[in-house]
Amino acid sequence: MTASSSLADLLHAAVTAVGGSERPGQVTMAEAIAEAIDDNAHLLVQAGTGTGKSLGYLVPALAHGERVVVATATLALQRQLVERDLPRTVDALHPLLRRRPQFAMLKGRSNYLCLHRLHEGVPQEEEEGLFDPFEAAAPSSKLGKDLLRLRDWSDETETGDRDDLTPGVSDRAWSQVSVTSRECLGASKCAYGAECFAEAARERAKLADVVVTNHALLAIDAIEGAPVLPSHEVLIVDEAHELVSRVTGVATGELTPGQVNRAVRRVAKLVDEKAADALQTAAESFERLMELALPGRLEEIPEDLGYALMALRDASRTVISAIGDTRDRSVQDEDAVRKQALAAVESIHGVAERIVEGSEYDVVWYERHDRFGASLRVAPLSVSGLLREKLFNERSVVLTSATLKIGGDFNGVGASLGLAPEGIEGDDLPQWKGVDVGSPFDYPKQGILYVAKHLSQPGREGSRSDMLDELAALMEAAGGRTLGLFSSMRAAKAAAEELRGRLDVPILLQGEETLGELIRTFAADARTCLFGTLSLWQGVDVPGVNCQLVVMDRVPFPRPDDPLMSARQKAVEEAGGNGFMAVAATHAALLMAQGAGRLVRASGDRGVVAVLDPRLATARYGSFLRATMPDFWYTTDRNQARRSLAAIDAAAKAAEK
């Protein structure tokens, strides 16, 4: 930070530039982050909706002068930072800092267009061998149109970033023109290396003062050992409540019959017949077993599955060794074909070996999907040790979100990140502190938390007719304006079907249109309601009068048959802790805090969060869950909730006139 410009001056300049007003919580946040960076310390910051947390961390990060990595969970926030917040903030701070910090976005390689694959064609596993997807896809088909548009776009785009292509294309089309890091030939071996979009993004990141990335790439950087991100002194993790699940996702391995069979076809021409046949035989044995697989956790690997996995592992290892020796002149562009085949087989070898070795720190289970069939999955029981070792090492780490205090303190989230309780000293324990900077909103005056205590307790099966009656009455009182957050897609569909026949308001349902389109339609019309599940609990930002009732059908505990969650709960219990509170209740608390946060998005917003599950009022864990939610005025009086909604609706209609 410059001697002539205090943090307060810098923050004031930045806030003025974006047309905002300074908020005490934002000032407190910026000061705490600047202090943590100066002390090379770790900080957890809970910053409620409306705090302006992006500027709260960008200003001290830019003032610091050394490279900072900012990792977010959602694409929307990445784009907001790079396209809006950072350009304005850099312009505003330039006169005070007397330098112009550079910034760049960096994502995983598969997010960028691969010119080699675009121009040379994609290795296919069809019987006729290789073909050019641009020739093979009918120009009039959806895939053909997408591919032709991608070819045209490749001549115009400066970034090659999939998210810069509007409208977007299907995953199937994008897979024809992109590669994973394992499939990439490498810039030095690729004919298009000098023009490579992914390499250009990496080079820009190396020169930038602020690198904006995502949780997944941060996890890959930590797990795989080969650095993907440029070296940096400060890491800021926004939407930090999402970090553990994103890291778990990256650390999860999967085997499916389709994946194994594709690998078999890819290596057929690249290795000798004996090696190819061994992999084919192992693949057939695995596929036969998977046809009989029943969903659920495998606490011990069945003997027949163990043999099948060992055969897959050994045959894959043989193919990996042999693939470097065989040359086939009939295969065009063999280096690319070989690299893609090698990536496919290495992935199978890695997962099969991991499951066969049977670490006590892994959870293995079968999943069955109606469309894609059975899969075998393996995930870490916990990522806390990995995060403690890789995240909080040799840099200052700041984690921020609107929901980091679970049940009233930071220790629950801290434990999931590998941190000891705040203030506990130890040689290999990262030292950290937590700061809650509050919210500029007056939650007790702006919102009501209504718990329908009179309803029957939700069971696992069967309809909840009393819940649907209550929901209908609340929606009528609100005049529409309802965001319905459901614990399952089945419950959301059932409610939408029932209430479309009973109420004279439009009800949108997640899955019937793209999420972005649904949210735009919901935000544009006061009478319209939107029902859906998980992504709506966290992904909706509709300030104003069109979202005045947020309904949760039940406390969103993880499914009792969720293999990973139940294994984590059991592990806590075996260690002497309360597994239900540490895992299930914490999971539910985070979601309910996020869901309740959909209601008040601006200082003029008013409304009701209605939880149609009496357990929030009657169960012992209810106070823990409520302590994590915004501090709304609390009631179990159904008439009070309806009167308040009707009054808010009347005021909104009067304002519209």
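This report describes the overall dimensions of a predicted model and the packing of some of its helices.

**Overall form**

The protein chain contains 27 helices and 18 strands. Its C-alpha trace spans about 75 × 65 × 60 Å along the principal axes. Of the 657 residues, 52% are buried.

**Helix H4 and its two partners**

Two packed helices are described by the angle between their axes and the distance between the axes. Helix H4 (residues 75-97) packs with helix H3 (residues 53-64), and H4 also packs with helix H1 (residues 7-17). The values for the two pairs are set out below.

| Helix pair | Angle between axes | Distance between axes |
|---|---|---|
| H3 and H4 | about 50 degrees | 10 Å |
| H1 and H4 | about 140 degrees | 8 Å |

The angle between H3 and H4 is about 50 degrees. It lies between the limit of 35 degrees for roughly parallel and the start of the roughly perpendicular range at 65 degrees, and H3 and H4 are therefore oblique to each other. H3 passes H4 in a right-handed crossing. On the H3 side, the contact is made by Ser54, Leu55, Tyr57, Leu58, Val59, Leu62 and Ala63. H4 contributes Leu77, Gln80, Leu81, Asp85, Leu86, Thr89, Val90, Leu93 and Leu97 to this contact. Sorted by class, the H3 and H4 contact has 12 nonpolar, 3 polar and 1 charged residues.

The crossing of H1 and H4 is right-handed. From H1, the residues in contact are Asp9, Leu10, Ala13, Ala14 and Ala17. They meet Arg88, Thr89, Ala92, Leu93, Leu96 and Leu97 of H4. This contact has 8 nonpolar, 1 polar and 2 charged residues. Thr89, Leu93 and Leu97 of H4 take part in the contact with H3 and also in the contact with H1.

**Helix H10**

Another part of the model is helix H10 (residues 215-223), where His215, Leu217, Leu218, Ala219, Asp221 and Ala222 are buried. The elements that cover these buried residues include strand E2 (68-72), strand E4 (210-214) and strand E5 (234-237). Helix H11 (243-250) and helix H16 (384-390) are also among the covering elements.

Technical notes:
Residues are numbered from 1 along each chain as its sequence is written. This is a predicted model: local features need pLDDT of at least 70, side-chain atom pairs count only at pLDDT 80 or more; totals for chains, interfaces and linings use all residues. Side-chain values use heavy atoms; hydrogens and water are left out. Axes are lines fitted to C-alpha atoms, for helices over the stretch in contact, and angles run from 0 to 180 degrees between N-to-C directions. Helices (H or I, at least four residues) and strands (E, at least two) are DSSP runs, numbered from the N terminus. Angles under 35 degrees count as roughly parallel, over 145 as roughly antiparallel, 65 to 115 as roughly perpendicular and the rest as oblique. A crossing is left-handed if the near helix is turned anticlockwise from the far one by less than a right angle, and right-handed if clockwise. Contact means heavy atoms within 4.5 Å. Ala, Val, Leu, Ile, Met, Phe, Trp, Tyr, Cys and Pro count as nonpolar, Asp, Glu, Lys and Arg as charged, and the others, Gly among them, as polar. Buried means under 20% relative accessible area, exposed over 50%, partly exposed in between (1.4 Å probe, protein chains only).
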